[in-house]
Amino acid sequence: MSETASTIHDLGYKRYLGTRRPSSTRWRVITRHQIATGWKTWWRYKAWLVCAVINTVVAAMFIFVATGKTFHLGHGLATTFADFALPFSIGMFNKIGFLISLTIGAGVIAGDMQSGAFTFYFARSTRPGDYLLGKLAGYGLLIAIPTMGGPFLVACMRVGLAGYDNLSELVPQLWLLPKALAVGALSTLVYTAVPLGWSAMVSNKRYALGMWAGYYLIAGGVFAGIGMSTDTPLAAGDLAISLNSVAGYLFDTPIREKFMVGVTPALISIGVQAGLSIALIWYQLTTAQKAGVGGAT
Amino acid sequence: MSVVAKGCSKWYGHVLGVSDIDLTLRPGIVGLLGPNGAGKSTLMKLMAGLLRPSRGSLAVFDKNPFDDIAVRRRIGYAPEHEKTWDELSALELVTVMAELAGVERSRSRRAAETAIEEMGMTKAMHRRVYGFSKGMRQRTKLATAIAHDPDLLLLDEPLTGVDPVARADIVERIRKLGEAGKTVVVSSHVLYEIEALTSEIVVIYRGQVLAEGNVYEIRKLIDKQPHRIRIECDQPHAIGSALASAEHVARIGFERGAVLIETRDPDRCYDQVAEAVLAGGIAVTNLTSPDNNLGAVFDYLTGGAARE
Amino acid sequence: MIELDGLEKKFGAINALAKVTATIDGNIIGLLGPNGAGKSTLLKCLLGLIPFSGRATVLGLSAATEGSAIRDRVGYMPEQEAFLAGMSAVELCTYAGELSGLPRTEAMQRAHAALYYAGLEDKRYQPIDGYSTGMKQRVKLAQALVHDPELLFLDEPTNGLDPKSRDEMLTLITDLPDRRGCAIILSTHLLPDVERVCDHAVIMHQGAVRFVGTIDELRGARGRDTELTVEVKADAQKLADALTESGATCTVVSRIQLSVDLPANGTSELVFRRAKDHGLQIRGLEVRRESVETAFLRVLGDAK
């Protein structure tokens, strides 16, 4: 016979006496949540990740299989497959970045506005800064994996196995790595900040998607057209052209002058658009913080 | 008869709206009650002529409201939602809706102004609806429903989100409409709103009419639930023992300073209680029937008695 | 609990809050007032979301400087929808807890506890998008509770609920101070709910606080025992006449109801005796007491 007494346990409520995580780390909760949400379904992110992998494989084939063969770019420009692999794959990674911005990016903030999530966030101790940082970090990470990770991987392949005879030949090749990261960082900035900017300004997921896509494709095309016909750097307004120009400059890819702009206008264009987007998001958040709580009365 | 429904059913594909409704409505105010999804909105839309019955018939003033435009002009419907043309002013909105309801152009503005004044919105009638509070929107909606002087008024949750000051006012105006001989059907979840307006109710449950008529009469009909009578006094046990031998008493319970009697014959019980009070010189401070109200009736109908 | 001292907030020329000074305390406090009275502005100030002049402290913390800390200890149940798309109730409440600073496992445990309390035990793993109105209201309550707040703001918690769900929600609210150790401020237009649930009330009108105190203070303590409302089976006039002969003052309200002011030394026995003498049946007898609604309208009327 057991000596211990029988008991009924009090399952009643216990107050929380532990510590609370400091305010400054709250953004990480939002980042984790954003990544988890992005990862949820197949078509939102994973599908594009697979595309990025395929893209890397194709680049690998350019480098290892077609290596020395000549790639004709048309109009009398040519380069080797191996050399072309990096700028080509970067172009593809950027496209993937754009697609992710369509399936996730444009809806991030707009979706929150639609479902009333701002009330949810700001009635708690979440500050606009936490939200902004959290979303940029979380969504930015999702974008960075193909747009930065991809080029870096291809650059590694190009450096590592494209063949070299001695150290003095290797070192200049090594420069490809930070260059790839730099281009990747710019792409990440573009495909993170600007779609989030549209998402914050248009409070409906579908319209935000349309506005971002329209802006990127059509407004971009308008900029490009005007720039090309008037022979001014205005084409830098098209984000894709700016990114390609920077990549082309860094990797010495022979591209027709017509489809490139100088690096300075490109960087300025990217900087302005990204900066403006973040400013707009910030403005929208601070307004929502005041208005979102308290209801209509 | 304002509204007569015979065997009226409405299905949306597989989804049940209402099923086999037999109902007669007369002039005056009637409350339409039921749990969410029971079919109240469907019934209202059938009466408003926005839906056609899948089976059976529903006649308003002896005509089919779905087809007959003339009878539709005698119906005013204020739905639950408030989506409307925000950029118009209240007066413009009510005028347009009045014209849509058949009021001639020449008279529509005046009719709108009258309706707006009826609803106490005259001060704000030139302002755009966009900036209106919930209470003002509700009043505008009601003005729209009465502008063309309909004989049948269908009001779906007319008092949601309305502050207590405006509520008292709107309740009064609806009451006046009922007294003026209109047929007013008010649907609401807030039972004390209905209580303030009328004792005639129709209870919809699972798409069918569960009960109709006067609340207190319906209460009497609910046999399964004995009537409860609560007496606060200085000698609760004296009253209890005086009634313990009565056959109609189902249960006697005691609280501090009060006795609770459940009886199947409230009429006899009240008489016997009065006798006991006088015989024993008992000082009664409170005598109530806690379940003789709409809330309890509704509860009994949809909670217990309906589960057959 | 809440102290206001000369709290003032202007939006341009409009005085949303006009130098409010008050101390608000209690278990369940009703926040009442017509639309535009300043209730939501007050709430925003107390949560530290908008700047104001004057002083306001909530739970001992200054609303002007420690807004974040206040929001960590206060739960808010909004009137409108406040969800994130595609999440289940458990996920949402866990996220809510984490956003208020709780470590992940703690947040998860408390999310489940809060959902049990709110009565969503069965459905808590399903996405909120598919919930009925009643269930959504319960989730809103749960997410306000998950971070163990000391004070809860509930904004129209019974909105859109059918009578049974309304009843259940009000019971949940009534039980909260005992079971969760938090005080509640209930903002609603439904005064009978206030009558049922609240012990204190704050009435606002045009940016000023017109009344702070207990519900009993609001409607006057239980009236004198000689002022009665009597209900008879039929023929209230006959009883009124009989009682008037005996020295009472009566007003007939309807065919079956009358107001009776007993004479000095009169008791309710007089009513029963007169009724019996004239063959009338008493069906109700109550000491007259102002309802919260009447008291509310009176306070607003006085203020004008």
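**Figure 1. The two domains of chain B.** Chain B consists of domain 1 (3–219) and domain 2 (226–290), with bounds from an automatic or database domain assignment. The centres of domain 1 of chain B and domain 2 of chain B, taken over C-alpha atoms, are separated by 43 Å. This is a predicted model, in which local features need pLDDT of at least 70 and side-chain atom pairs count only at pLDDT 80 or more, while totals for chains, interfaces and linings use all residues. Residues are numbered from 1 along each chain as its sequence is written, and chains are lettered from A and ligands numbered from 1 in the order in which they are written.

**Figure 2. The largest nonpolar core.** A nonpolar core is a set of buried Ala, Val, Leu, Ile, Met, Phe, Trp, Tyr and Cys residues joined through C-beta atoms within 7 Å; buried residues have 20 or more other C-beta atoms within 10 Å of their own, with C-beta atoms placed from the backbone. The largest such core has 231 residues, and those with the most contacts inside it include V94(B), L154(B) and V202(C). Helix 3 (residues 81–115) of chain A contributes the most to this core, with 17 residues; helices are DSSP runs of H or I, at least four residues, numbered from the N terminus.

**Figure 3. The surroundings of V202(C).** Leaving aside residues up to four places away in sequence, V202(C) touches I24(C), I29(C), L31(C), L32(C), V209(C), F211(C) and V212(C). Two residues are in contact if their C-beta atoms, placed from the backbone, lie within 7 Å.

**Figure 4. A second core.** A separate core of 35 residues includes A236(C), L243(C), L258(C) and L285(C). Of the 304 residues of chain C, 50% count as buried.

Conventions:
Buried ≥ 20, exposed ≤ 12 C-beta atoms within 10 Å, placed from the backbone. Helix = DSSP H or I, 4+ residues; strand = E, 2+ residues; numbered from the N terminus.
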